[in-house]
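Please examine the sequence and the structure shown below.

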Amino acid sequence: TLSKFFSCNLAQRLVEQGQRADVLHVHNVLAHVANLNDFVAGIRLLLKDDGIAIIEVSYIKDLIDNVEFDTIYHEHLCYFSMSTLNHLFRRYGLLVVDVERIPIHGGSLHIVVRRGNTEVNEQGNVASLLNEEEAWGVDRASFYEGFGKKVERLSLDLKRMLGELKAQNKVIAAYGASAKGSTLLNYCKIGKETLDFVVDRSTVKQGLYSPGSHLPIFGPEYLMCQMPDILLLLTWNFADEILK
């Protein structure tokens, strides 16, 4: 284990030590990278000639369509389409040879990348998705217009629904003291007047308070003690697991 940020220089040092990769896993990392060009150049260096990189990123189409505005926060520096990924990797002599849309984190792309001749045209699933994006207008401003209005409407609907429940003297708690949860609560201005507490299974957060909304954070077992009437699920990307 190397506790270092991945970079072109690190990749070069590993190659000089005789270490090159058959497979590189890059899951939910690319959106956090400040220098994408350096990072992708490092991927190409580190991959064996017949190696592959398996990369997952959240998908901009799902973010826009499902109004997932709470996934826009400080850790996420970029939001990707297939078109932008294809352009980025081709710049460094890498080809996206397969792509799959998967449901994790509100909708993501799972892509497979390898070294190759960038003169070759895209094929299969990659070509199909690129064609779909061109039809959607993913590279045009019109695709993104109206997103802010949808966010505002969602916020008003959520506040109204919670307000009606609180007026019925319901005890309302939240699950997930996450970054996306803090983004949603602070944008919607939902705090102590509506929510009684928040739970999170991270022991690092328990005993502290949620940023901005300043709600006390307890462990999930606290739900069994308090038995709230309503639970607002802020970590909706893990809904199936939490509901079980």
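This is a predicted model: local features need pLDDT of at least 70, side-chain atom pairs count only at pLDDT 80 or more; totals for chains, interfaces and linings use all residues.

Residues are numbered from 1 along each chain as its sequence is written, and side-chain values use heavy atoms, with hydrogens and water left out.

**Helix α1**

- Helix α1 spans residues 8–16; helices (H or I, at least four residues) and strands (E, at least two) are DSSP runs, numbered from the N terminus.
- Leu10, Ala11 and Leu14 of α1 are buried, that is, under 20% relative accessible area, whereas exposed means over 50% and partly exposed in between (1.4 Å probe, protein chains only).
- Seen down the axis of α1, the buried residues fall within an arc of 100° and so line one face of the helix; the arc is that of the directions from the helix axis to the C-beta atoms.
- Asn9 and Glu16 are exposed on the face of α1 turned away from the buried side.
- After α1 comes Gly18, with a positive phi near 85°.

**Ser81**

- Ser81 lies in the loop between α3 (60–65) and α4 (82–90).
- Ser81 counts as buried because its relative accessibility is 5%.
- Leaving out residues up to four places away in sequence, Ser81 is in contact (heavy atoms within 4.5 Å) with residues including Tyr59 and Glu133.

**Asp200**

- Asp200 lies in the loop between β6 (197–199) and β7 (217–218).
- Asp200 counts as buried because its relative accessibility is 9%.
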